[in-house]
Amino acid sequence: MQDHVDKLLLQWQEHRPDLDCSPMGVIGRMYRGHKIMTDQINQVFKAFGLIQVEFDILASLRRSGEPLTPTQLYHTVMLTSGAMTTRLDKLEKRGFIYRQPSDNDRRSCTVSLTESGQALIDQAVTAHVANEHRMLAVLDKEEQTELANLLRKFLLAHESNLK
């Protein structure tokens, strides 16, 4: 069976046989895989009334095990300071987080999950992990480990380019 990328590669081979388009096989599949995964992941988040960045903020707070500053959060989820403030405002209005002013600096605070925020993220992350297991079920455990190792190698070589 051929996937979409195979068809593109055949077209390139026919019209540009002088060009080695084999990287398109890897990059094209990674790109299409990202789109497929993003769509399926966002469906789970939507079921909990969240968008990806809100999930990321709540999950960062949950896995940290302690309050975080907005600066720590925006570095974790790669948002600008202003965008983080807007997201935190929305999550606070919905009752999922609260801000504790700093004793030392009036301009600073820490962010924590409320009980309802923790309950929401616990449910959402459970559904998210089940969804990831479902998406990867086409690969056996050995294949999943091999893919994870290959992607780690790729990311270690290229992550410094992320902005």
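**View 1. Helices α2 and α6 run roughly antiparallel to each other.** In this predicted model, helix α2, spanning residues 22-47, packs against helix α6, spanning residues 115-136, at an angle of about 150°, and the two axes are 9 Å apart. Because angles over 145 degrees count as roughly antiparallel, the pair is described in that way, and the crossing of α2 and α6 is right-handed. On the α2 side the contact is made by Met-37, Gln-40, Ile-41, Val-44 and Phe-45, while α6 contributes Ala-124, Ala-127, His-128, Asn-131, Arg-134 and Met-135. By residue class, this contact of α2 with α6 divides into 7 nonpolar, 3 polar and 1 charged.

**View 2. Helices α3 and α4 pack with a right-handed crossing.** Helix α3 covers residues 52-64 and helix α4 covers residues 70-77, and they pack at an angle of about 115° with their axes 10 Å apart. The residues of α3 that make the contact are Asp-56, Ile-57, Ser-60, Leu-61 and Arg-63, and those of α4 are Leu-73, Thr-76 and Val-77. Sorted by class, the residues of the contact of α3 with α4 comprise 4 nonpolar, 2 polar and 2 charged.

**View 3. Ser-22 lies in helix α2.** The relative accessible area of Ser-22 is 45%, so this residue counts as partly exposed, given that the partly exposed class runs between the buried limit of under 20% and the exposed limit of over 50%. Ser-22 and Leu-9 are separated by 13 residues in sequence, and their C-alpha atoms are 7.7 Å apart in space.

**View 4. Leu-151 is placed in helix α7.** This helix consists of residues 141-158, and Leu-151 has a relative accessibility of 34%, which means that Leu-151 counts as partly exposed. Although Leu-151 and Arg-32 are 119 residues apart in sequence, the distance between them in space is 15 Å, taken from C-alpha to C-alpha.

**View 5. Cysteines Cys-21 and Cys-109 both count as buried.** Cys-21 has a relative accessibility of 9% and therefore counts as buried, and Cys-109, at 15% relative accessibility, is likewise assigned to the buried class, since that class takes in values under 20%. The structure holds 0 disulfides.

How values were computed: Residues numbered from 1 in each chain as written. Predicted model: local features only at pLDDT ≥ 70, side-chain atom pairs only at ≥ 80, totals over all residues. Heavy atoms only, no water. Disulfide = S-S within 2.5 Å. Buried < 20%, exposed > 50% of the residue type's maximum accessible area, 1.4 Å probe, protein only. Helix = DSSP H or I, 4+ residues; strand = E, 2+ residues; numbered from the N terminus. Axes fitted to C-alpha atoms, helices over the stretch in contact; angles between N-to-C directions. Parallel < 35°, antiparallel > 145°, perpendicular 65-115°, else oblique. Left-handed = near helix turned anticlockwise from the far one by under 90°. Contact = heavy atoms within 4.5 Å. Nonpolar A, V, L, I, M, F, W, Y, C, P; charged D, E, K, R; others polar.
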